[in-house]
Amino acid sequence: MRTAHRVETVRAAEAALMARLPEGALMQRAAAGLAAACCSLLGKGRVYGARVVLLVGSGDNGGDALYAGARLARRGAGVTAVPLGTRTHPGGLAALRAAGGRITDDPFEALAVADLVLDGITGIGGRGGLRPDAVPVARAARGSGAVVVAVDLPSGVDADTGEVAGEALRADATITFGTYKPGLLVDPAREYAGALRLVDIGLDAVLPGVPDLEALQHQDVAWLLPVPGAESDKYRRGVLGVVAGSARYPGAAVLAVAGALRGGAGAVRYVGPAGDAVIAAHPETLVHAGPPSKAGRVQAWVVGPGLGEDPGPVAEVLAADVPVLVDADGLRGLDPAAVRARTAPTLLTPHAGEAAALLGVAREDVEAGRLAAVRELAARFGATVLLKGSTTLVCGPGGGPVRVNPTGTSWLATAGSGDVLSGLAGSLLAAGLSALDAGSCGAYLHGLAARRASAAGAPVTATDVAGSLRDAWLDVTSPA
Ligand SMILES: NC(=O)C1=CN([C@@H]2O[C@H](COP(=O)(O)OP(=O)(O)OC[C@H]3O[C@@H](n4cnc5c(N)ncnc54)[C@H](OP(=O)(O)O)[C@@H]3O)[C@@H](O)[C@H]2O)[C@@H](O)CC1
Ligand SMILES: Nc1ncnc2c1ncn2[C@@H]1O[C@H](COP(=O)(O)OP(=O)(O)O)[C@@H](O)[C@H]1O
Ligand SMILES: [K+]
């Protein structure tokens with residue numbers, strides 16, 4: 001599991017750790033890790049003679065850059081610092097000078113010939129986007145052709161929320177200290193961070209056990225996925241009911257069932273008007289014309305994909321005392337009180353537009369502040385919420401860590417791929433996973449399947465994604 005902690009928590013842990021260590025020890029650990037990462041990014045034998053520019057802000061983030069720069073200078077790099085703040089870390093500045101580094105007030109001349117730029121303008125102490133005087137310097141750094149390495153965080157992004165208010169410096173890599181920060185894992189900030197590397201500075205020992213954000217890895221998902229036991233039969237493995245599709249959108253039913261059949265449930269019942277299309281594509285489906293309450297027992301329901309205007313089945317499904325996943329048209333006008341009144345778990349799977357409608361805000365607001373949006377929806381509906389998009393987040397109703405999905409690709413932005421996800425996550429619910437696990441494992445496999453299907457760099461269809469789910473499952477459960 002990869003975990004992230006918010007600034008307040010990092011600061012408290014840092015204070016606890018610093019109390020046990022000699023002054024400056026933590027910054028030296030950070031700078032040593034940072035310098036080592038820079039050496040590996042420059043490549044073997046390329047440190048001596050490399051031209052390194054440090055963009056140095058007012059705080060300790062600048063201090064990290066200066067001490068790392070001093071280490072690179074001692075290994076023969078030509079290091080130039082560009083002070084951009086109201087003050088410059090005195091110890092770091094002295095160390096750089098002592099190592100033969102130089103200070104300049106002409107950043108553009110140094111940047112024009114740089115091989116590597118260290119962005120130490122702001123880290124966890126930054127507020128708002130880059131200040132106006134830093135903007136042209138950041139642009140020159142980005143346009144220089146040098147490798148841009150962010151110290152702890154790309155300057156200008158919000159560490160806690162992933163929001164980017166104004167301009168930020170886009171990095172090729174971010175070297176972060178002690179723990180990941182939420183903004184490194186959540187768009188839009190995530191996009192500015194490039195490749196992530198974590199430097200261990202001993203913070204783990206003092207960080208709380210419960211993080212603010214967590215990202216599953218292969219082994220976490222493998223452990224959660226259902227496996228039939230010797231005594232299993234199709235009913236014990238769990239039956240999923242899928243209420244989806246309409247005369248206008250029969251394909252949504254076919255795609256939701258495609259995901260459901262590959263999600264670990266023992267059987268899938270389809271309920272709705274698209275039975276012929278579903279059977280033609282997936283003859284193993286149990287088809288029922290409806291209503292859901294007459295379709296036979298299930299261990300979980302999916303309701304919503306391609307339903308069109310008729311919200312009738314949503315209320316009926318929500319009345320069932322089994323886990324329910326509500327997606328797409330099922331989310332339209334969804335009543336928070338009706339969801340809160342349920343005793344069995346509910347999993348809502350909106351994209352940003354649907355989330356915005358449920359919250360009564362603009363879509364752009366949801367996209368700019370995904371973490372706040374998913375937390376607010378989960379609290380308001382008393383449900384688990386999976387917010388889809390470039391970063392998929394899953395949040396339970398009782399607070400706790402938000403899960404951020406680390407797999408996926410923008411090729412997934414194709415019609416019908418969300419229908420596949422709803423069937424898949426619903427199938428995991430029917431197989432007995434909690435709503436948080438079903439949503440996050442579903443998103444993980446779905447993203448991995450899309451990566452596999454688009455590996456050659458060509459567009460994929462939702463049907464391709466469903467077709468790759470089996471391989472994604474195998475990737476997770478039997479790693480090379
Ligand atoms: N925590 C840990 O465990 C460890 C932390 N370490 C390191 O310390 C870093 C945190 O250092 P920090 O607290 O000094 O804050 P930091 O990010 O340098 O910025 C602060 C100053 O920047 C300014 N400023 C604010 N907004 C701005 C803007 N938009 N644009 C431009 N400037 C802006 C403002 O000062 P002002 O200019 O207003 O006087 C503010 O006071 C952390 O990220 C990590 O790198 C490691 O060394 C060891 C372990
Ligand atoms: N830019 C993106 N990067 C990664 N994944 C994306 C991106 N845009 C959309 N997705 C994913 O694609 C799927 C689209 O689902 P949805 O919007 O419900 O589409 P549909 O309703 O057509 O099925 C979701 O799993 C979402 O997370
Ligand atoms: K930075």
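Hi everyone, let me start with a helix pair: H2 and H3 pack at an angle of about 55°, their axes 8 Å apart. That makes H2 oblique to H3. A word on terms: axes are lines fitted to C-alpha atoms, for helices over the stretch in contact, and angles run from 0 to 180 degrees between N-to-C directions. Angles under 35 degrees count as roughly parallel, over 145 as roughly antiparallel, 65 to 115 as roughly perpendicular, and the rest as oblique.

Before going on, this is a predicted model, in which local features need pLDDT of at least 70 and side-chain atom pairs count only at pLDDT 80 or more, while totals for chains, interfaces and linings use all residues. Residues are numbered from 1 along each chain as its sequence is written, with chains lettered from A and ligands numbered from 1 in the order in which they are written.

Back to the pair. H2 passes H3 in a right-handed crossing; a crossing is right-handed if the near helix is turned clockwise from the far one by less than a right angle, and left-handed if anticlockwise. On the H2 side the contact is made by Met27, Gln28, Ala30, Ala31, Ala32, Leu34, Ala35 and Cys38. H3 answers with Asp60, Gly63, Asp64, Tyr67, Ala68, Arg71 and Leu72. Contact here is a backbone-based test: C-beta atoms, placed from the backbone, within 7 Å. These residues divide into 10 nonpolar, 2 polar and 3 charged. For the classes, Ala, Val, Leu, Ile, Met, Phe, Trp, Tyr, Cys and Pro count as nonpolar, Asp, Glu, Lys and Arg as charged, and the others, Gly among them, as polar.

H3 has another partner. The axes of H3 and helix H4 (residues 90-98) come within 8 Å and cross at roughly 15°. H3 and H4 are therefore roughly parallel to each other, and their crossing is left-handed. Gly62, Gly63, Leu66, Tyr67, Gly69, Ala70 and Ala73 of H3 meet Gly91, Gly92, Leu93, Ala95 and Leu96 of H4. By class that contact has 7 nonpolar, 5 polar and no charged residues.

Now to ligand 1. Which helix gives the most to the shell around ligand 1? H3 does, with 4 residues. Helices H1 (7-18), H2 (25-42) and H3 (60-74) each supply at least two residues of that shell. Helices here are DSSP runs (H or I, at least four residues), as are strands (E, at least two), numbered from the N terminus. There are 31 residues around ligand 1, and Gly59, Asp60, Asn61, Gly123 and Gly125 come nearest. To be near, a residue needs its C-beta atom, placed from the backbone, within 6 Å of the molecule or strand. The shell has 12 nonpolar, 13 polar and 6 charged residues.

Next, ligand 2. It has 18 residues around it, with His351, Lys388, Leu412, Ala413 and Gly418 coming nearest. They divide into 5 nonpolar, 11 polar and 2 charged. Helix H17 gives the most to this shell, with 4 residues.

H17 (residues 417-430) also packs with H18 (residues 435-453), at about 135° and with axes 8 Å apart. That makes H17 oblique to H18, and the crossing is right-handed. Val420, Leu421, Leu424, Ala425, Leu428 and Leu429 in H17 meet residues of H18 including Ala435, Ala438 and Cys441.

Domain 1 puts 14 residues into the contact, and domain 2 puts in 11. The side of domain 1 that touches domain 2 has 7 nonpolar, 2 polar and 5 charged residues.

Last, two backbone details for those of you who check geometry. Most residues other than glycine have a negative phi, and most peptide bonds are trans. Aspartate 152, in the loop between strands E6 (147-151) and E7 (173-177), has a positive phi near 70°. A cis peptide bond joins aspartate 187 and proline 188, with omega about 5°. Proline 188 sits in the loop between helices H7 (182-185) and H8 (189-193).

Methods:
Two residues are in contact if their C-beta atoms, placed from the backbone, lie within 7 Å.
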